[in-house]
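Dear colleague,

I am handing over a structure that I would like you to look through when you have time. The coordinates come first, and my notes are placed after them.

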Amino acid sequence: MVTTTMWTIRRLPSTRLLGCLQLRPHLPSRNATQGEYRRPGKPQKDKLPWRNINFSFSKGLDGIWKQMMLVKKEFLDTFVGPQGKPLREHILEQNQVVWEFRGPQSLERWIVSSDREIGGQSEAYLKVGRNTNTCFLYGTLRSTPPRDGETRYSGYCSMRSKQTLRSFDRRKQFDWTSFNTLHLRVRGDGRPWMINLASETYFSHQKDDVYNYFLYTRGGPYWQDVKIPFSKFFLAHRGRIQDDQHPLWLDKINTIGFTLGDKADGPFQLEIDYIGVCKDYAHTEEFAYELNKKNP
């Protein structure tokens, strides 16, 4: 058996033999580095994704009925106008309320998270205000990192809107091309927050791209109307500001979020009345940051 094996190797061409015996170094591919992100301290998912699916027949019928109702609504809205509004109202509209909080059912459109997911000690909760017309985000921020040997920094709390879906789970984006300013009515405790806007992307490695800007709350019992132009938002990827900046695509907005991570341990609270967009004719700036132009 050994003689046959040696004879087979002897008959191979020299280039092919060197290719078989050469040890190639292991280089991480781009797909591996840009794959699914796993937070430090979080165990890997060994369970196959299809094992979490409920294959019951009744659930399938309910899902089909729900999707057909959404198809019917989308079909009828096309005869009324964009987003179910008359065409004249859509063209002349200068202010639009996108998210408002009017009852406990409005909180189902939001997701609250904190560093407790990676072993931290921060806590964040969401509830309806006293008059059931506002959203009250409160909790405690703690910047002590978990003792997992991997995480170096900790201490954040966030609230993010859920992705709006069309029929058959198609993504629905917000078209804000007619507006140039984000309008919020909030009441905070003096802490600085980070506003996150996520838009639709075309490549898989851009799924973590988010446009950020700062929200400075005054504190005290009085409400404040905050207007932030979209030209002020800057591009970041997984918390790192990118060198290649470009304006936000206002025709494909997916979600909005609020993040607190000022490293000041203690309780916090943020009350939101509504989140909308408006058209400010006095603002003519296209983009507030320098664009990197390639040498032709």
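Predicted model: local features only at pLDDT ≥ 70, side-chain atom pairs only at ≥ 80, totals over all residues.

Residues are numbered from 1 along each chain as its sequence is written, and side-chain values use heavy atoms, with hydrogens and water left out.

The chain has five helices and 13 strands, where helices (H or I, at least four residues) and strands (E, at least two) are DSSP runs numbered from the N terminus. Of its 296 residues, 32% count as buried, a term that stands for under 20% relative accessible area with a 1.4 Å probe, protein chains only. The chain exposes about 20800 Å², of which carbon and sulfur atoms supply 54%; the areas come from the Shrake-Rupley method with a 1.4 Å probe. Among contacts (heavy atoms within 4.5 Å) between residues at least 6 apart in sequence, 74% join residues at least 24 apart.

The structure holds 18 aromatic pairs, meaning rings of Phe, Tyr and Trp (its six-membered ring) with centres within 6.5 Å. One of them joins Trp99 and Trp176 edge-to-face (planes over 60 degrees apart), at 6.2 Å centre to centre and with 85° between the planes. Because Trp99 lies in strand β1 (residues 95-100) and Trp176 in the loop between β5 (157-161) and β6 (181-188), this pair ties together parts that are 77 residues apart in sequence. Trp99 is buried, at a relative accessible area of 3%, and Trp176 is buried as well, at 1%.

Where is Asp273 placed, and is it buried or exposed? Asp273 belongs to strand β13 (residues 266-278) and is buried, with a relative accessible area of 11%. Its side chain makes polar contacts (N or O atoms within 3.5 Å, one able to donate a hydrogen and the other to accept it; residues adjacent in sequence count only if both atoms are side-chain atoms) with the side chain of Arg102 at 3.4 Å and with that of Arg185 at 2.8 Å. Leaving aside neighbours within four places in sequence, the residues in contact with Asp273 include Asn133, Thr134 and Trp223.

With kind regards

Notes: Buried < 20%, exposed > 50% of the residue type's maximum accessible area, 1.4 Å probe, protein only. Phe/Tyr/Trp six-rings, centres within 6.5 Å; stacked < 30°, edge-to-face > 60°.
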